[in-house]
Amino acid sequence: MKQAWILSGVLDQIRNEAESKTPLETGGLLLGYWSADNNNVVITDMVGPGPLAKHRKFTYKPDYSFHQQEMKRIFNENGGMSTYLGDWHSHPIMLVLGGTDKDDFTEWTPEIWMISPQLSIFPWLRWDYVSLKVNMFDQLCCSKKSSHFV
Ligand SMILES: [Zn+2]
């Protein structure tokens with residue numbers, strides 16, 4: 001099974017950035033490298049949204065020139081070890097398409113998670129990602145006001 005490794009300090013930086021913008025969305029870049037056998041991805045750095053980023057409740061627009069500049073800086077600082085791996089966003093609900101390599105195409109499977117409070121014997125709330133079963137339907141029925149899937 002493939003594994004992801006993330007420096008705890010990097011995860012703290014992401015959490016702090018998300019916490020500072022909530023309830024608005026924020027995001028940034030994940031940098032790092034893949035192991036030689038391609039089984040482990042190591043996240044060594046994050047880049048925040050940037051000073052000119054725009055944050056809304058359900059969207060975020062990065063400060064692209066800040067991202068370029070930070071990627072260059074990190075790449076140079078660690079001798080070219082860490083390069084762009086992907087993006088991170090803070091979302092109440094997220095959908096990710098997971099790609100599986102087939103012979104001559106990639107099969108994309110949707111996964112959807114939401115954050116939900118977990119029941120616990122302890123008096124404090126614990127929040128967790130809950131995976132949702134993804135169902136597909138072909139069209140909406142009726143008026144916009146009472147739209148539902150058929
Ligand atoms: Zn987003």
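# Close-up legends for a predicted zinc-site model

**Figure 1. Ser-90 and its contacts.** Setting aside neighbours within four places in sequence, Ser-90 is in contact (heavy atoms within 4.5 Å) with Ala-18, Leu-24, Glu-25 and Thr-26. The model is predicted, so local features need pLDDT of at least 70 and side-chain atom pairs count only at pLDDT 80 or more, while totals for chains, interfaces and linings use all residues. Numbering runs from 1 along each chain as its sequence is written, and side-chain values use heavy atoms, with hydrogens and water left out. Ser-90 sits in the loop between E6 and E7; helices (H or I, at least four residues) and strands (E, at least two) are DSSP runs numbered from the N terminus. With 18% relative accessibility, Ser-90 counts as buried, a label for anything under 20% relative accessible area, with exposed meaning over 50% and partly exposed the range in between (1.4 Å probe, protein chains only).

Figure 2. Three residues hold the ion here: Glu-25 through OE, His-89 through ND1 and His-91 through NE2, at 1.9 to 2.1 Å from the zinc. Donors are N, O and S atoms within 2.8 Å of the metal (3.2 Å for Na, K and Ca), and with water not among the atoms, a site may look incomplete. Along the chain, the donor residues follow the spacing E-x63-H-x1-H. Glu-25 is in the loop between helix H1 (8-21) and strand E2 (27-34), whereas His-89 is in strand E6 (residues 83-89), so this pair ties together parts that are 64 residues apart in sequence. Buried or partly exposed? Glu-25 is buried at 4% relative accessibility, while His-89 comes out as partly exposed at 37%.

**Figure 3. Thr-26 and what it touches.** Thr-26 lies in the loop between H1 and E2, and with a relative accessible area of 0% it is buried. Beyond residues up to four places away in sequence, Thr-26 touches Glu-17, Ala-18, Lys-21, Pro-49, His-55, Tyr-60, Trp-88, His-89 and Ser-90. For scale, Thr-26 and Val-130 are 104 residues apart in sequence and 21 Å apart in space, C-alpha to C-alpha.

**Figure 4. Trp-88 in strand E6.** Trp-88 lies in strand E6 and is buried, at 6% relative accessible area. Apart from neighbours within four places in sequence, the contacts of Trp-88 are Ile-14, Glu-17, Thr-26, Gly-27, Gly-28, Leu-29, Leu-30, Met-46 and Val-47. From Trp-88 to Val-130, it's 42 residues in sequence and 18 Å in space, C-alpha to C-alpha.

**Figure 5. The largest pocket.** This pocket holds about 1000 Å³ of space. Of its 26 lining residues, His-89, Ser-90, His-91, Ile-115 and Tyr-129 are the closest to its centre. A pocket here is an open set of points on a 1 Å grid over the protein atoms alone (1.4 Å probe), with protein on both sides within 12 Å along at least five of seven lines; lining residues have an atom within 4 Å of a point. Points are joined across faces, edges and corners, and the volume is the space filled by probe spheres set on them. Strand E1 (3-6), H1, E6 and strand E9 (126-132) each supply at least two lining residues, with H1 giving the largest share, 5 residues. By class, the lining splits into 16 nonpolar, 4 polar and 6 charged residues, where Ala, Val, Leu, Ile, Met, Phe, Trp, Tyr, Cys and Pro count as nonpolar, Asp, Glu, Lys and Arg as charged, and the others, Gly among them, as polar. Domain 1 (1-91) and domain 2 (92-136) both contribute to the lining, so the largest pocket lies between them. Those bounds come from an automatic or database domain assignment, and the C-alpha centres of domain 1 and domain 2 are 20 Å apart.

**Figure 6. The second largest pocket.** The second largest pocket has a volume of about 360 Å³. Its lining is made of Met-1, Lys-2, Gln-3, Ala-4, Trp-34, Asn-38, Val-41, Gly-99, Thr-100 and Asp-101. E1 and strand E7 (93-101) are the elements giving two or more of these residues; E7 gives the most, with 3. Take a look at Asn-38, placed in the loop between E2 and strand E3 (40-47): its phi is near 65°, a positive value in a residue other than glycine. Asn-38 counts as partly exposed, at 44% relative accessibility.
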